[in-house]
Amino acid sequence: MKRMRCAGQLALLLLTACWLLCGCVGAPPPEIEKNDVPVTSETCEDEQRGLIDGPDQACAVNPEGMTLESRFPAPDGYARVEQAQGSFGAFLREYPLLADGEPVRLYDGQLKGNQSAAAAVFDLPVLSGGDVQQCADSVMRMYAEYLWHGGHPDLIGFHFVNGFWFDYPTYRDGGRVKIDGNSARWQKTGEYDDSYEAFERYLYVAFSYSSTLSMEAESREADLADVRPGDVFLKSGSPGHVVMVADVCENEAGERAFLLAQGYMPAQQFHVLNNPLHGEDPWYYEGEVTYPFATPEYTFDGGSFRRMNYLDGLDQ
């Protein structure tokens with residue numbers, strides 16, 4: 001896994017800019033010792049099925065479905081790409097959704113201003129305590145939730161923007177981060193705690209000091225023809241943004257289609273995105289993807305499609 005190397009005043013300015021502009025970072029939790037810390041319905045009954053705007057798509061949404069698989073049927077002529085039991089793809093496909101029509105809410109309970117971007121909302125509360133779970137953080141959280149619930153907690157870890165490796169096992173075992181300016185180091189001041197509440201506290205710290213800037217170094221370029229759940233369209237920077245592939249299907253010719261999901265700023269619930277090319281069909285079709293690539297709230301340039309390194313220690 002690559003590491004970002006930031007040093008001196010340049011890194012300090014970079015971290016500060018990330019906090020001000022990127023929206024993928026937040027204020028540090030109280031437990032961190034710090035000095036000058038740079039923080040970084042469509043209803044569609046069976047008898048009413050008819051063609052809509054999507055390519056060969058008969059009915060894009062089943063409002064009764066409570067997972068990606070049941071809410072969003074594969075388009076006509078496509079079948080979902082098989083995901084092994086226990087894989088990240090299966091985890092995403094089976095993850096509970098809120099009821100159809102539920103709005104996207106911000107971290108403070110208020111409604112997101114632009115509700116038209118979302119096709120569905122994941123049943124995952126935003127971390128409480130501040131405006132920290134934004135774009136990159138939401139993707140990081142889905143990977144971390146998968147590893148934690150799937151029995152692989154020792155693989156959880158993220159880089160801070162300054163390159164510091166912040167791993168969950170050290171935090172679980174009582175390690176806490178001391179930050180002085182642009183430097184960070186571990187110190188043993190806590191007790192062993194493998195509870196979910198402690199896991200959420202770990203994520204709060206990770207989200208406070210990570211962003212799309214650090215995420216780029218934790219990923220590699222990928223081929224859209226081989227798109228997989230967990231892949232991302234990523235623009236690192238200040239500001240930057242990232243959206244994640246949540247599910248994938250394929251037709252007999254081997255052409256793929258995929259669902260995208262995102263968090264955004266202010267911190268908000270993770271949600272499935274609509275496709276601006278055909279409002280009633282949220283699937284994104286491989287043959288439609290050209291650059292600049294437009295999603296409802298962000299446009300990505302060529303070279304932005306990437307695969308995260310977070311599962312490199314697993315056989316997926």
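1. Asparagine 162 sits in the loop between strand E4 (157–159) and strand E5 (165–167); helices (H or I, at least four residues) and strands (E, at least two) are DSSP runs, numbered from the N terminus. In this predicted model, asparagine 162 counts as buried because its relative accessible area is 15% (buried is under 20%, exposed over 50%, partly exposed in between, with a 1.4 Å probe and protein chains only). Its side chain reaches the backbone oxygen of asparagine 182 at 2.8 Å.

2. Some housekeeping before going on. Residues are numbered from 1 along each chain as its sequence is written, and side-chain values use heavy atoms, with hydrogens and water left out. As this is a predicted model, local features need pLDDT of at least 70 and side-chain atom pairs count only at pLDDT 80 or more, while totals for chains, interfaces and linings use all residues.

3. On confidence, the protein chain averages a pLDDT of 86, and 81% of the residues score at least 70 (pLDDT is the predictor's confidence in each residue, from 0 to 100). I'd keep two stretches apart from the rest of the discussion. Over residues 1–30 pLDDT stays under 50, and the model has 98 contacts beyond four places in sequence for them (a contact means heavy atoms within 4.5 Å). Residues 32–55 also stay under 50, with 68 such contacts. Where pLDDT is low, the predicted coordinates should not be read in detail.

4. Is glycine 130 buried or exposed? Glycine 130 counts as buried because its relative accessibility is 14%. The residue belongs to the loop between strand E3 (118–121) and helix H4 (135–149). Leaving aside residues up to four places away in sequence, glycine 130 touches Tyr107 and Tyr204. With Tyr107, 23 residues away along the chain, the C-alpha separation is 7.1 Å.

5. Glutamate 82 is a loop residue too, found between strand E2 (78–80) and H3, but this one counts as exposed because its relative accessibility is 73%. Across 166 residues of chain, the C-alpha atoms of glutamate 82 and valine 248 are separated by 8.9 Å.

6. Now the largest pocket, with a volume of about 430 Å³. Its lining has 22 residues, and those closest to the centre are Arg228, Pro229, Arg307, Leu311 and Gln316. Helix H3 (88–93) and strand E16 (305–308) are the elements that give two or more residues to this lining. By class, the lining has nine nonpolar, five polar and eight charged residues (Ala, Val, Leu, Ile, Met, Phe, Trp, Tyr, Cys and Pro count as nonpolar, Asp, Glu, Lys and Arg as charged, and the others, Gly among them, as polar). For the terms: on a 1 Å grid over the protein atoms alone, a pocket is an open set of points where a 1.4 Å probe fits, with protein on both sides within 12 Å along at least five of seven lines, and lining residues have an atom within 4 Å of a point. Points are joined across faces, edges and corners, and the volume is the space filled by probe spheres set on them.

7. Where is aspartate 312? Aspartate 312 is in the segment after E16. Its side chain makes a polar contact with the side chain of arginine 220 at 3.5 Å (a pair of N or O atoms within 3.5 Å; within protein, one must be able to donate a hydrogen and the other to accept it, and residues adjacent in sequence count only if both atoms are side-chain atoms). Aspartate 312 and leucine 155 are 157 residues apart in sequence, with 9.1 Å between their C-alpha atoms.

8. Two cis peptide bonds to look at. The bond from serine 238 to proline 239 is cis, with omega near 5°, and proline 239 lies in the loop between strand E9 (232–235) and strand E10 (241–251). The bond from tyrosine 291 to proline 292 is cis, with omega near 5°; proline 292 is in the loop between strand E13 (284–285) and strand E14 (293–295).
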